[in-house]
Amino acid sequence: MTTPDLFDAPPPGPDQARVAELHSLLHHHAHRYYVLDEPEIPDAEYDRLFRELQAIEAAHPELVTPDSPTQRVGGKPLAQFASVRHAVPMLSIRTETDTEASGAEAFDARVRRELDLGETEPAVEYVAELKFDGLAINLRYEQGVLVQAATRGDGEVGEDVTQNIRTIGQIPLRLPEGVPAVLEVRGEVYLRRDDFNALNERQREKGEKTFVNPRNAAAGAVRQLDPAIAAQRPLSFFTYGLGEVTPGAVQVASHFAWLQLLKSWGFPVCDHVVIARGAPDLIAFHRRMGELRDSLPYDIDGVVYKVNRLDLQQQLGFVTREPRWAVAHKYPAQEMLTTVQAIEIQVGRTGKLTPVAKLAPVFVGGVTVTNATLHNEDEARRKDVRIGDTVIVRRAGDVIPEVVAVLPEKRPPGAEMFTMPHTCPVCGSAAVREEGEADYRCTGGLFCSAQRKQAILHFAHRRAVEIEGLGDKLVDQLVDSGVVNTLPDLYRLGLTALASLERMADKSAQNIVEALEKSKQTTLPRFLFGLGIRHVGEATAKALARHFGKLDAIMDASEEQLLQVADVGPVVAQSIRTFFEQPHNREVVEQLRACGVTWEEGEPAPIEVQPLAGKTFVLTGTLPTLSRDQAKDMLEAAGAKVAGSVSKKTDYVVAGAEAGSKLEKAQALGVKVIDEAGLIRLVNPDAA
């Protein structure tokens, strides 16, 4: 492989030919992976090259240089950070607190006034950038090698965090030939949202403290005294400016041109950097980025406008410690302080109990927030949220506001720890938390008004009892109008009640009545599945019906008896037992029977060895004669489990015409692929 032009190699010396090549290759591939997101080689190949370089350096320590890829993670923990005086002060940019369009208009008017431009003269050209919510860093390169990285500090003096900054894959350790002898690049270290969420998940798994927001996590990583620990946090970087540069080394006339030059040298520059002409373009950029803000993979708290031409920047100069040629235009804050006035329990459509903090109203992210989720008992306990606490509330776009941290120093005396109730606050049914689950759930699924709509829709599903035409909108109307409160009420509906609903024609009402009448004739597995018992899917419902034969036998079965069913484990058995122990659920079943819902029952099926017991299948593509449902029923009747995705645990993939990614994944994993004929042979081995 030829050495890429993008990076220079270390100076020659004994045994250095391979070291030079490995430096160039690893720098090149790191740039492709971290900056361009276009890797050319697999991770395993990169790791192989990296290990080879490590081995050579271990044998020849004199070949280890500051720009070696192995130095991204290394060095002993520091006792403290050394101070760094900035050659060019890292001044803060003035912030425009007016979050509306007038903020951009005021800045443009100020610039034009300072430049003495009349109304008829052309619009000023600006560069519009994002204002990242991270930590500002100054990177100093000498002769193309990263020699120092420092925080902003007070603008004059920062902290030397070079060892930690080396761990960031997006930051080049060595630059190509032709760069200035001294080059200071400034930018923002930040954490992507997905990396932040993964980091907090790892913290939770280890039982350690989670981070309030990506900025705090990034700042904590940069100021971590042990670089090995800093390396465990997946930091990212964007460049947006310069510090000291060797005078006359590069002839550049504008800020935008500098950014493009830095990008060509291997630095990551945000894609959302544009040239804007006059206030209208600035306003449009501010509005557009505000709309995109919540979909970006990283946090921003505003945008930045900079006069593009460097000669105009010099002419405008500075006022106190702020440049006249730049301004930050903020968005509404997404985190604010408020107090918890109460903690209430919200019951979701599926019976999940969620603790919700009732807050003193606070304006966050452009709206007034009065409620914030605490997720579940574990999260509420971990954050130790109590009534009266002062808390940090975060809201991003349409995401439900949440309490991210408590200020314990402001806690009122006597504030009690939160405890989850063991009964549903809506219907009074038992609330249970299954082993291994984070959430409590109401067990009164057929009775609880909070779960009413979900219970009806599930019961009417085509794979359950199947009531054709009974969809979301009609269920909303029936429940919201008070016409239907429980499942049996469906079978008491008449033409008059249905026709009185908004936008319900007589013919449509008649169709619903006929569909309800038709649904009364069902099967025991469909009825069981339609009841919505937690963990009881179609396959389990079929297994229960085969094993017991009659509904009453299932309703009265003990956990020990339920565990004798092939598809039932301890969690499922407990869930079934808990469901039928609730008097309301039994009452709903009896009322459905009284309304005429019926099915054939028989004697328990003799115990037999099913040919595909314990096997997992995945269906993909269109089969010649069998529909997807028919193939699924056939497999489940033979004891197999039918999954929706391919994994290493999949035994067979049944592929038909136009099979897509599932077939490709099966082939990649070495999972056996069969066609419809192969499926039939497996289900009926004696007929083969």
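The buried residues of helix α18 are Glu-538, Thr-540, Ala-541, Lys-542, Ala-543, Leu-544, Ala-545 and Phe-548. Here buried means under 20% relative accessible area, exposed means over 50%, and partly exposed lies in between (1.4 Å probe, protein chains only). Helices (H or I, at least four residues) and strands (E, at least two) are DSSP runs, numbered from the N terminus. The model is a predicted one, in which local features need pLDDT of at least 70 and side-chain atom pairs count only at pLDDT 80 or more, while totals for chains, interfaces and linings use all residues. Residues are numbered from 1 along each chain as its sequence is written, and side-chain values use heavy atoms, with hydrogens and water left out.

Helix α18 covers residues 538-548, and eight of its 11 residues are buried, which makes the helix mostly covered. The cover over these buried residues includes α17 (524-530), α19 (551-556), α20 (559-562), α21 (570-581) and α23; contact here means heavy atoms within 4.5 Å. After α18 comes Gly-549, with a positive phi near 80°. An α-helix has 3.6 residues a turn, so residues three or four places apart point the same way.

The whole chain gives the setting. The chain has 688 residues, of which 48% count as buried, and contains 25 helices and 26 strands. Its C-alpha trace spans about 95 × 60 × 55 Å along the principal axes. Among contacts between residues at least 6 apart in sequence, 67% join residues at least 24 apart. The chain exposes about 33,400 Å², and carbon and sulfur atoms supply 50% of this area. Accessible areas come from the Shrake-Rupley method with a 1.4 Å probe; for residues, only the protein chains shown count as cover.

Strand β23 (residues 616-620) is mostly covered, with five of its five residues buried. In a regular strand the side chains alternate between the two faces of the sheet. In β23, Thr-616, Val-618 and Thr-620 point one way, Phe-617 and Leu-619 point the other way, and all are buried. β23 pairs in the parallel sense with strand β24 (residues 641-643) over three bridges; two strands pair if DSSP finds at least two bridges between them. Val-618 has Ala-643 of β24 as its bridge partner. From β23 the chain crosses through helix α23 (residues 628-637) to β24, in a right-handed β-α-β crossover. A crossover is right-handed if, with the strands pointing away from the viewer, the path from the first strand over the helix to the second runs clockwise. β23 also pairs with strand β25 (residues 652-655), in the parallel sense and over four bridges. There, Phe-617 has Tyr-652 as its bridge partner.

Strand β4 (residues 135-142) pairs with β5 over six bridges in the antiparallel sense, and Arg-140 stands opposite Gln-148 in β5.

Some single residues complete the tour. Thr-95 is in strand β2 (residues 95-96) and is partly exposed, with a relative accessible area of 36%. Leaving out residues up to four places away in sequence, Thr-95 touches Val-327, Ala-328 and Lys-330. Lys-665 lies in helix α24 (residues 661-669) and counts as partly exposed at 44% relative accessibility.

The structure holds zero disulfides, a disulfide being a pair of cysteine sulfur atoms within 2.5 Å. For Cys-442 the nearest cysteine sulfur is that of Cys-427, 3.5 Å away. Cys-442 is buried, with a relative accessible area of 7%, and Cys-595 counts as buried at 17% relative accessibility.
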